[in-house]
Amino acid sequence: QTGRLALYLLGLRATCPPPKPHRALVTWLKYYLEEDWTGSRRHGHPRTSYYQYGLGVLALCVHHKRVREEVIHRLLAAQHHGRLGHSTVDTEAVLALAFTCLERRRLVGAGLAAELRATVHRVSRSMAQAQGPEGIIGNIYSTPWALQVFLATGTCHTEPAYGRAMAALLENLDAFGTAATMAQVLPVLHGHSYLDIASMRCQEQSDTLTPLDMEPLTEVPGNKTVRLVVECAQPWCFELQLYNQWVSTPAATSLLDVLRAATAQEPHFTFDTQDTPQGPYLTQVLGLEARQEKRNYWQLLIGPSTPLLKGIADYIPKDGDTLILRLSEW
């Protein structure tokens, strides 16, 4: 629950509530972070992930709460030694925002503050260097996080990668269809990062929230057929390709619906997902689990080798597409 509670507290702080209702939730977040870090001592990483833990530290900082320096040093060590996981851009960005908040709110000593500041600028430079030819940094969902780092460090006016990334974001706004992904992209479109929540002057904020009338999505007629391929790129797999079948579904269905149709078509085909704020995350296919402690994950590709930039519930395959699920290492 660490990440979800952290996001909830960030959103709650942004709505300028009276102080009493959320004090208990901040206490719960501190408790969850301590429990999570117990797993780090045993396994070498938090029981959830560095991404969720970074969100927790950021939320506490935005609520003006201190974090033990031992924890901050361990986060710095994980960042320096590349132990953050396969969603590196997202995780590095969240930690960079948390580090910047701790330094600016003077919640750490001068020596540690200087180390945090230097680390954040290194992260900002590495994100600019990792930018792809289309302007995307990491993937389309990672790009708003990277832009928040540029905004938080004040490099958005001098870093050419910022303009290219913003242009790529504007071209792909239809990818942000869930509340969690919209919450990542909306501050950036208005020139803000999550750090700005900490300095909001709530008495000057007017209530501009109005309900939005959503028109129902029009159904796309007809069917489509896509090729579904499952591969295991691990040395312990007897063969690379474990599954290769055509699957027929209605034209408007997502990749998640394709997986469900494959299960109905062939009962031996199985998969499992985990709910995250960004939507369902693929964790198991054909009995093979992706596990953080084994440093592997299910990579999603459009054949032959194009990484998928959307989640399984958001991507709508085209007729004739080849969809590859590949168990890979990070």
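Select R227 and W246: R227 stands opposite W246, a residue of strand β2. The model on screen is a predicted one.

**Strands β1 and β2**

Select residues 223-232, which form strand β1, and colour them apart from β2; nine bridges join the two strands, and they run antiparallel. β2 covers residues 241-250. For another pair across these strands, pick N223, which has P250 of β2 opposite. Next, show the surface over β1. How many of the residues of β1 are buried? Seven of its 10 residues are, and the strand is mostly covered.

**The other neighbour of β1**

The pairing of β1 with β8 is parallel and runs over six bridges. Two pairs can be picked here. L228 of the chain has L323 of β8 opposite, and C232 faces L327, also in β8.

As you turn the view, look at the side chains along a strand. In a regular strand they alternate between the two faces of the sheet.

β6 and β8 are antiparallel, with seven bridges between them. Click on N296 to find one of the pairs: its bridge partner in β8 is E329.

In what order do its five strands lie? The order is β2-β1-β8-β6-β7; the sheet is open and its pairing is mixed. At the edges are β2 and β7 (306-307), each of which pairs on one side only.

**Helix α10, across the sheet**

Select residues 255-265, helix α10.

Select residues 271-276 for β3 and 288-289 for β5, then 279-285 for β4. Together they make an open sheet in the order β3-β4-β5, with antiparallel pairing. β3 and β5 are the edge strands and have a single partner strand each, so one side of each is left without a neighbour in the sheet. Between β4 and β5, which run antiparallel, there are two bridges.

**Helices α4 and α6**

Move to the helical part of the chain and select residues 69-80 (α4) and 110-129 (α6). Their axes are 12 Å apart, and the helices pack at an angle of about 30 degrees. Angles under 35 degrees count as roughly parallel, and α4 and α6 are therefore roughly parallel to each other. Their crossing is left-handed.

Show side chains at the contact. From α4, select E69, I72, H73, L76, Q79 and H80; from α6, select L112, E115, L116, T119, R122 and V123. By class, this contact has five nonpolar, four polar and three charged residues.

**Helices α7 and α9**

Select residues 143-153 (α7) and 179-189 (α9). These two helices cross at roughly 35 degrees, and their axes come within 9 Å. The crossing is left-handed. The α7 side of the contact is made by P144, W145, L147, Q148 and L151, and the α9 side by Q184, V185 and V188. Which classes do these residues belong to? Six are nonpolar, two are polar and none is charged.

**A single residue: A98**

Select A98, in helix α5 (residues 88-104). Is A98 buried or exposed? Its relative accessibility is 1%, and buried means under 20%, so A98 counts as buried. Beyond residues up to four places away in sequence, A98 touches G54, V57 and L58. Draw a distance from A98 to L60 as well: the C-alpha atoms are 9.0 Å apart, while the two residues are 38 apart in sequence.

**The whole chain**

Finally, show everything. The protein chain has 10 helices and eight strands. Of its 330 residues, 46% are buried. Among contacts with a separation of 6 or more, 64% are between residues 24 or more positions apart.

Technical notes
Residues are numbered from 1 along each chain as its sequence is written. This is a predicted model: local features need pLDDT of at least 70, side-chain atom pairs count only at pLDDT 80 or more; totals for chains, interfaces and linings use all residues. Side-chain values use heavy atoms; hydrogens and water are left out. Axes are lines fitted to C-alpha atoms, for helices over the stretch in contact, and angles run from 0 to 180 degrees between N-to-C directions. Helices (H or I, at least four residues) and strands (E, at least two) are DSSP runs, numbered from the N terminus. Angles under 35 degrees count as roughly parallel, over 145 as roughly antiparallel, 65 to 115 as roughly perpendicular and the rest as oblique. A crossing is left-handed if the near helix is turned anticlockwise from the far one by less than a right angle, and right-handed if clockwise. Contact means heavy atoms within 4.5 Å. Ala, Val, Leu, Ile, Met, Phe, Trp, Tyr, Cys and Pro count as nonpolar, Asp, Glu, Lys and Arg as charged, and the others, Gly among them, as polar. Two strands pair if DSSP finds at least two bridges between them. Buried means under 20% relative accessible area, exposed over 50%, partly exposed in between (1.4 Å probe, protein chains only).
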